[in-house]
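Thanks for coming. I will walk through one structure this morning, starting with the whole chain and then going element by element. Please have a look at it first.

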Amino acid sequence: MPRETLEAKAARTRKIISGLKRAYPDAHCELNYSNPLELLIATILSAQCTDKRVNIVTADLFKKYRTAKDYADARPEILEQEIKTTGFFRNKTKSIKTCCQALVELHSGEVPRSMDQLITLGGVGRKTANVVLGNAFNINTGIVVDTHVARLSQRLGLTKERAPEKFEQDLIQLVPQKEWTLFSHLLIWHGRRRCFARNPDCPHCEIRQLCPRLGVIVKERIKAPEAVR
């Protein structure tokens, strides 16, 4: 097959986005939150954890901790137990407290609206910052590359990279900036509902004509040998 040009790949990407929009018109961030601080905390908790589990934990957590100062002043051993079921609870507790202490000391307890300011907070990397900026503030500064986005981007032939930072750089060349936040949601929804890691539902896939299915093992029926006469 001839190598796909950047222009052709960008055009295919736009068609993929259109197809996924039709399939998932309500695609959105599935973490529950009502303000930027809650989304920031939920995103930190979501590392190596399902959104469903995080939402169970934050249902009570957000009732108790209302401000950045509440988290900054929390006793670590208590917060650890409250978020324990999300996994890696000691590291997450440290990240939450360090982050919220910085919010109180440097930003009057408010979540900043810039990538540069967010990534200086403890426990906040580019991925978390992209989630907060895109969903809480509608600011498209980058593309969130989680497990589903990485897997589907490779399967769709949109990138050959392995590192999330390089993934993102490839994708922002293909996806219109106004779609950066939505693009992540679309791939995440598709990855959870159709394009599974081990057994993707290719026959019913809404964008199968646009997908080279890279890395997908095609299971073919093996005919039984005819009996020897």
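**Overall picture**

Among the contacts in the protein with a separation of 6 or more, 60% are between residues 24 or more positions apart. Before I go on, note that this is a predicted model.

What is the protein built from, in helices and strands? There are 11 helices and 0 strands. Read along the sequence, that gives the pattern α-α-α-α-α-α-α-α-α-α-α. The C-alpha trace spans about 80 × 45 × 30 Å along its principal axes. The protein has 229 residues, and 47% of them count as buried.

**Helix 2**

Let me begin with helix 2, which covers residues 36–45. Of its 10 residues, 9 are buried, so the helix is largely enclosed by the rest of the structure. The buried ones are Leu37, Glu38, Leu39, Leu40, Ile41, Ala42, Thr43, Ile44 and Leu45. What do the buried residues of helix 2 pack against? They pack against helix 3 (51–64), helix 4 (68–72), helix 6 (89–107) and helix 8.

Helix 8 is mostly covered, with 8 of its 11 residues buried. Those residues are Thr128, Ala129, Asn130, Val131, Val132, Leu133, Gly134 and Asn135. Their cover includes helix 2, helix 7 (115–118), helix 10 and helix 11.

Is Asn130 buried or exposed? Asn130 has a relative accessibility of 3%, so it counts as buried. Leaving aside neighbours within four places in sequence, Asn130 is in contact with Met115, Thr141, Gly142, Ile143, Val144 and Glu168. Just after helix 8 comes Asn138, which takes a positive phi of about 55°.

Ile119 is partly exposed, at a relative accessible area of 40%. Not counting residues up to four places away in sequence, Ile119 touches Val124, Gly125, Arg126 and Ala129. For a sense of distance, Ile119 and Lys9 are 110 residues apart in sequence and 31 Å apart in space, C-alpha to C-alpha.

**Helix 10**

Helix 10 runs over residues 164–172, and in it Phe167, Glu168 and Leu171 are buried. Seen down the helix axis, these buried residues fall within an arc of 95°, so they line one face of helix 10. One link here has already come up: Glu168 is one of the contacts of Asn130.

**Cysteines**

Now the cysteines. How many disulfides does a search of the whole structure find? The search finds 0. For Cys100, the nearest cysteine sulfur is that of Cys99, 4.8 Å away, and Cys100 is in no disulfide. Cys100 is also buried, with a relative accessible area of 0%. Cys195 is likewise in no disulfide, and its nearest cysteine sulfur, that of Cys211, is 6.2 Å away. Cys195 is buried too, at a relative accessible area of 10%.

**The cavity**

Cys195 and Cys211 come up again at the cavity. The structure holds 1 cavity of 30 Å³ or more. About 110 Å³ of space lies in the largest cavity. Which residues lie nearest the centre of the largest cavity? They are His190, Cys195, Cys202, Cys205 and Cys211, out of a lining of 14 residues. The lining divides into 8 nonpolar, 1 polar and 5 charged residues.

**Arg208**

My last stop is Arg208, in the segment after helix 11. Arg208 counts as partly exposed, at 45% relative accessibility. With neighbours within four places in sequence left aside, Arg208 is in contact with Cys202 and Pro203. Of these, Cys202 is among the residues nearest the centre of the largest cavity. Arg208 and Ala129 are 79 residues apart in sequence, and their C-alpha atoms are 32 Å apart in space.

That is where I will stop.

Methods. Residues are numbered from 1 along each chain as its sequence is written. This is a predicted model: local features need pLDDT of at least 70, side-chain atom pairs count only at pLDDT 80 or more; totals for chains, interfaces and linings use all residues. Side-chain values use heavy atoms; hydrogens and water are left out. Buried means under 20% relative accessible area, exposed over 50%, partly exposed in between (1.4 Å probe, protein chains only). Helices (H or I, at least four residues) and strands (E, at least two) are DSSP runs, numbered from the N terminus. The arc is that of the directions from the helix axis to the C-beta atoms. On a 1 Å grid over the protein atoms alone, a cavity is a set of points where a 1.4 Å probe fits but cannot get out, and a pocket is an open set with protein on both sides within 12 Å along at least five of seven lines; lining residues have an atom within 4 Å of a point. Grid points are joined across faces, edges and corners, and a volume is the space filled by probe spheres set on the points. Ala, Val, Leu, Ile, Met, Phe, Trp, Tyr, Cys and Pro count as nonpolar, Asp, Glu, Lys and Arg as charged, and the others, Gly among them, as polar. A disulfide is a pair of cysteine sulfur atoms within 2.5 Å. Contact means heavy atoms within 4.5 Å.
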